[in-house]
Amino acid sequence: MAQDTGALMLADLSWPEIRDIRNQVELVLLPVGSNEQHGPNLAVKMDIAASTAFCRRASARMAPRVAVAPPVPWGVSFHHMNFPGTITLSTETFVQVLVEVIASLHHHGFERFLIVNGHGGNIPAMGVAVVRAREELDVPFVGACSYFSFPDPEIAKRHVTSEVTGHACEVEVATAMELVPDVVKRDALAPGELTELAREFRREAQKYNVSIPYRFDQITRNGALGDATKATPEFGRELVESALDNFVRFCENLIAANPV
């Protein structure tokens with residue numbers, strides 16, 4: 001694994017230390033994710049652990065210009081609630097928490113914010129949160145993204161053969177092997193046990209971008225998709241290094257394109 005020495009994590013600092021570095025920080029990353037089931041393959045903390053680790057590595061490359069806010073551990077995960085251990089917030093609560101975290105940090109003088117997400121179920125709510133933060137708080141810059149959108153797509157094409165991926169699959173498990181290896185249940189890795197709904201109609205709906213709020217137990221019996229047994233640390237390293245390269249380049253462009 002790559003080292004993240006030098007990352008600027010606001011939660012690890014005292015208030016005088018934050019005061020003293022505040023004017024050097026040009027962008028604050030806010031990790032969000034979830035605590036939810038990931039089949040037998042990953043611990044429930046995967047999404048927030050991975051997004052935080054990704055932000056830590058990005059900050060290590062760009063500190064002190066880029067700092068990391070304390071992570072928001074829970075997300076919008078109602079669709080996983082039929083699997084024990086999942087914790088969910090309502091969409092409204094999740095949005096409000098994000099707006100209030102940004103408001104607090106903006107009050108202390110930080111001016112650019114990028115929410116960095118590790119859970120697909122948060123994406124619609126994040127869109128609402130950034131609009132509210134922009135309009136209600138007059139923040140000079142606020143945006144939202146998902147760290148798993150940044151790798152070169154050709155990497156997954158070279159490694160993935162499963163028809164349905166996206167959760168506790170070979171891609172996510174490989175990513176975990178590189179970013180947060182402690183969450184991987186290496187002795188229990190198993191392919192997803194997909195239902196006919198997942199194999200047929202859900203894929204057709206996705207083809208046309210039809211949004212249907214299926215519970216996850218309707219599409220997979222064990223909570224996983226894809227085939228986690230095909231995940232490797234080498235695959236994960238390729239994904240993460242590519243994502244970090246692209247993300248850091250994006251953050252540089254973000255700062256340059258949005259002066260404050």
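Trainee: How many of the six residues of strand 1 are buried?

Mentor: Keep in mind that this is a predicted model. Buried here means under 20% relative accessible area. Strand 1 is mostly covered by that cut-off, and its buried residues number six of six.

Trainee: Which residues of strand 1 point the other way from Leu27, Leu29 and Pro31?

Mentor: In a regular strand, side chains alternate between the two faces of the sheet. Here Leu27, Leu29 and Pro31 take one side, and both sets are buried. Pointing the other way are Val28, Leu30 and Val32.

Trainee: Which residue of strand 3 stands opposite Leu29?

Mentor: Let's look at the pairing first. Strand 1 runs parallel to strand 2, with three bridges joining them, and there Leu29 faces Val68. Strand 1 also pairs with strand 3 in the parallel sense, over five bridges. On that side, the residue opposite Leu29 is Leu114.

Trainee: What hand does the β-α-β unit of strand 1, helix 2 and strand 2 have?

Mentor: Follow the chain from strand 1 through helix 2 to strand 2. Those two strands are the parallel pair with three bridges. The unit they make with the helix is right-handed.

Trainee: Which element gives the largest share of the largest nonpolar core?

Mentor: That core has 42 residues, and Leu29 and Leu114 are among those touching the most other members. Elements giving it two or more residues include strand 1, helix 2, strand 3 and helix 9. The largest share, 10 residues, comes from helix 9.

Trainee: How many residues are in the other core, the one with Val28?

Mentor: This core lies apart from the largest one. Its members include Val28, Val99, Met126 and Val130, and its size is 28 residues.

Note on methods
Residues numbered from 1 in each chain as written. Predicted model: local features only at pLDDT ≥ 70, side-chain atom pairs only at ≥ 80, totals over all residues. Heavy atoms only, no water. Core = buried A, V, L, I, M, F, W, Y, C linked by side-chain atoms within 4.5 Å. Buried < 20%, exposed > 50% of the residue type's maximum accessible area, 1.4 Å probe, protein only. Helix = DSSP H or I, 4+ residues; strand = E, 2+ residues; numbered from the N terminus. Pairing = 2+ DSSP bridges. Right-handed = clockwise from strand over helix to strand, strands pointing away.
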